[in-house]
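This report concerns a single protein chain. The sequence and structure are shown below.

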Amino acid sequence: MVPEFITFKKFDDPALAQALIDLLEENGIEYQTEEGAFSFDPTFAASPELSTEYRVKISPDDFTRATQLLNASEAEDIKHADKDYYLFSFTDAELMEILEKADEWSSFDHQLARKLLADRGVDISDQKLAEINQNRIDELKKPESTRSEWVFIGYVLAVIGGVPGIFIGWMLASFKKTLPTGEKVFVYREVDRKHGKNILYISIVIIVIAVTYRVIREMTM
């Protein structure tokens, strides 16, 4: 069975992507690469990006090992971090936030934040860090609540247009996010996913009715 490859890291700099690829190759981890525009945000919360996004994909089973290798590769680099590097001006609370949201930061920043805290007398043990990471995973697993106006717009588009409704309905019902562990979970709450399914089904019915009506009309003309 061919293993599934999902996005492990995203970069806007091809050099950073290549560095990760080199690390994976050195350690015998299979990967795939993908290049394209920045991913569409189904919540419509972010502004469109014009930059190119470089995605490195690996098997979910390799996520933990790849993360450990990435952290180990940065261990020596943080010892030589330039004192002008922006993390040196962070408060203890800001550095702790980096540890608490490791998925939003680079491996280098995460490890440097831990070192800087230790240098300041705030030593984070491996056990404590594991607890922090687990709390973050539990937080990321919680489904998001979509804005009610987008659900309403989805229903309207389903009734009047069909095709746009299919897209919105599918996104609400099926869209998933990948956790740092490689696990995939649904993005939206069960109630929003039910709305998504309703929008999807209504859209399909409207399209079938519209196509049937057009065919019958053409045949009777």
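The model is predicted. The mean pLDDT of the protein chain is 87, and 91% of its residues reach 70 or more.

| Region | Residues | pLDDT |
|---|---|---|
| Helix α3 | 92-100 | mean 97, the highest among the elements |
| Strand β2 | 32-37 | mean 84, the lowest among the elements |
| Segment | 39-49 | under 50 |

For residues 39-49 the model has 16 contacts beyond four places in sequence. Where pLDDT is low, the predicted coordinates should not be read in detail.

Helix α2 comprises 13 residues, 63-75. From first C-alpha to last it reaches 18 Å, close to the 18 Å expected at 1.5 Å a residue. Phe63, Ala66, Leu70 and Glu74 of α2 are buried. Viewed down the axis of α2, these buried residues fall within an arc of 70°, so they line one face of the helix. Exposed Gln68 and Ala72 lie on the face of α2 turned away from its buried side. The packing partners of the buried residues of α2 are β1, α1, β3, α4 and β4.

The largest nonpolar core has 16 residues, of which Leu95, Leu112 and Ile124 touch the most other members. Helices α3, α4 and α5 each supply at least two residues of this core, and α4 gives the most, with five. Beyond its neighbours within four places in sequence, Leu112 is in contact with Ile78, Ala81, Tyr85, Leu87 and Phe88. A second, separate core of 15 residues includes Ile29, Ile58, Phe63 and Leu70.

Technical notes:
Residues are numbered from 1 along each chain as its sequence is written. This is a predicted model: local features need pLDDT of at least 70, side-chain atom pairs count only at pLDDT 80 or more; totals for chains, interfaces and linings use all residues. Side-chain values use heavy atoms; hydrogens and water are left out. Helices (H or I, at least four residues) and strands (E, at least two) are DSSP runs, numbered from the N terminus. The expected span of a helix is 1.5 Å times one less than its number of residues. Buried means under 20% relative accessible area, exposed over 50%, partly exposed in between (1.4 Å probe, protein chains only). The arc is that of the directions from the helix axis to the C-beta atoms. Contact means heavy atoms within 4.5 Å. pLDDT is the predictor's confidence in each residue, from 0 to 100. A nonpolar core is a set of buried Ala, Val, Leu, Ile, Met, Phe, Trp, Tyr and Cys residues joined through side-chain atoms within 4.5 Å.
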